[in-house]
Amino acid sequence: MKDVVIVGGGLVGGLTALLLQQSGVNVTVLDAAPILDADKVLATTNPRVLALSKATIQLLETVNVWDKVARHMPYTGMHVWNQNGYGDIEFGQPTTAPERSQWLGSMVEPSVLNLAIQAQMQQKIADYRTCVQVTRVEKAVKGWCITLADGTQVQTKLVIGADGANSFVREQAMIKLDTLAYKQSAISCAIKTQQPHLHVARQIFLPTGPLAFLPMKDDDWVSIVWTLPEDHTDEYIKLDDDAFKTLLEKSSLHMLGKIIDVTPRASFPLKARAAEHYVQDGLALVGDAAHVIHPLAGQGVNIGCLDAAVLCDALLNDKARGMWANLQTLRRYEHIRKGQNEAMMHSMSAIGWLETTTFTLLVWLRNFGLKRVQNIPQLKDQFMHQASGLNILNKTRYSCTKN
Ligand SMILES: Cc1cc2nc3c(=O)[nH]c(=O)nc-3n(C[C@H](O)[C@H](O)[C@H](O)COP(=O)(O)OP(=O)(O)OC[C@H]3O[C@@H](n4cnc5c(N)ncnc54)[C@H](O)[C@@H]3O)c2cc1C
């Protein structure tokens with residue numbers, strides 16, 4: 001009987017496995033994905049980036065993954081404003097050569113990050129199985145029984161579902177899912193701009209939805225995430241490159257000058273999903289398996305990493321007391337993280353709606369909100385502290401104040 005089996009070895013599953021392993025827990029990781037080919041990953045630039053918070057970077061440092069990340073782009077400033085009004089807010093500052101103390105976070109290509117996580121798991125997790133498909137997850141008399149596509153069965157006291165938005169573990173445990181279709185999609189691609197990004201992440205709220213410019217490589221490449229109503233997405237995806245560049249320049253008010261180059265565009269449907277429960281007896285969900293939020297705040301993976309930290313902290317507290325995967329402990333994890341994640345999810349949905357509205361009163365309120373935060377430094381600091389995730393991380397053993 002295993003102590004813990006983690007289904008899914010993406011960022012959140014990998015982080016959970018490494019946090020437990022470094023505290024002496026024997027972990028099994030089952031992942032359907034293959035080991036990435038490092039040469040291939042590093043030879044191509046993924047046009048999509050993840051905006052990692054300070055807390056996520058700190059967690060990746062804790063498990064020695066961060067120094068394996070082959071490339072990333074720190075950001076030292078954030079600028080958010082409304083096209084439809086005068087609301088405008090800035091955090092941090094632009095810079096040409098960011099020092100670590102100035103970082104607000106960093107942008108990483110998902111494949112580059114997965115490469116680093118996989119490399120560390122290959123070194124540290126003795127039972128790390130890739131290219132395995134989990135086909136059944138059943139409650140047994142004691143713990144859970146997991147069946148793989150080749151018929152192998154694994155018995156475990158605790159199963160952690162870190163298997164993404166379409167979680168099979170969640171489905172097998174019959175945990176209900178609330179889904180909110182935003183009727184929006186996001187277009188993502190990389191662009192080369194005339195003016196340098198100066199390590200500033202920019203987001204404009206257009207009447208159709210937010211458009212984000214995220215610094216990604218060199219001084220003049222940014223990744224864009226453009227949230228649009230579904231019919232606009234289809235139309236914009238079909239445009240030829242020149243027409244798309246012109247539209248983007250106009251929509252962004254030529255903020256970074258001319259757009260010189262653009263990579264092929266991809267689109268993602270946007271849905272918010274929330275599992276009704278994060279835990280059952282001997283089972284816990286983390287990351288996208290438990291919740292999927294709007295990408296406008298770039299927080300999806302960051303809140304997943306905080307799930308990993310809070311769950312591991314609770315499990316390791318139990319272990320120190322000679323217990324393991326106590327249902328009360330799992331419920332405490334659910335209580336802490338579900339509340340925090342749902343608050344984030346609802347505020348994102350509300351912002352998404354508020355920012356696309358053209359009702360005059362709401363436009364005024366929205367601008368007033370941005371201006372108010374911009375003009376009160378303490379409010380800005382508080383906002384940044386929350387966005388960094390450190391307020392939550394600092395309540396666990398992974399706090400930088402406890403290192
Ligand atoms: C357009 C867009 C932009 C985004 N931008 C950001 C951003 O800027 N910042 C941010 O933080 N987040 C962002 N996100 C969200 C982020 O990508 C996700 O939150 C994150 O990838 C989820 O990580 P995860 O480990 O929970 O799941 P995943 O990365 O989906 O990993 C799941 C793993 O489970 C494995 N698996 C699945 N099923 C099985 C099975 N049956 N058996 C075995 N293994 C299985 C898969 O192989 C995979 O390795 C964005 C999302 C979108 C769509």
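The chain exposes about 18,000 Å², of which carbon and sulfur atoms supply 53%; accessible areas were computed by the Shrake-Rupley method with a 1.4 Å probe, and for residues only the protein chains shown count as cover. The model is predicted, so that local features require pLDDT of at least 70 and side-chain atom pairs pLDDT 80 or more, whereas totals for chains, interfaces and linings use all residues. Residues are numbered from 1 along each chain as its sequence is written, and side-chain values use heavy atoms, without hydrogens and water.

The chain contains twelve helices and 20 strands (DSSP runs of H or I with at least four residues, and of E with at least two, numbered from the N terminus). Of its 403 residues, 53% are buried, that is, under 20% relative accessible area. Among contacts (heavy atoms within 4.5 Å) between residues at least 6 apart in sequence, 74% join residues at least 24 apart.

Around the ligand lie 29 residues, with Asp-31, Ala-32, Arg-48, Asp-288 and Val-301 coming nearest; a residue belongs to this shell if one of its heavy atoms lies within 4 Å. A polar side-chain atom of Asp-31 is 2.8 Å from a ligand oxygen atom, and one of Gln-133 is 3.4 Å from a ligand nitrogen atom. At Gly-300, a polar backbone atom lies 3.4 Å from an oxygen atom of the ligand. The ligand taken alone exposes 1,000 Å², 81% of which the protein buries. Two or more shell residues come from each of α1 (11-21), β3 (50-53) and α8 (300-320), and α8 gives the most, with three.

Terms used
Buried < 20%, exposed > 50% of the residue type's maximum accessible area, 1.4 Å probe, protein only. Polar contact = N/O pair within 3.5 Å; in protein donor to acceptor, adjacent residues only side chain to side chain.
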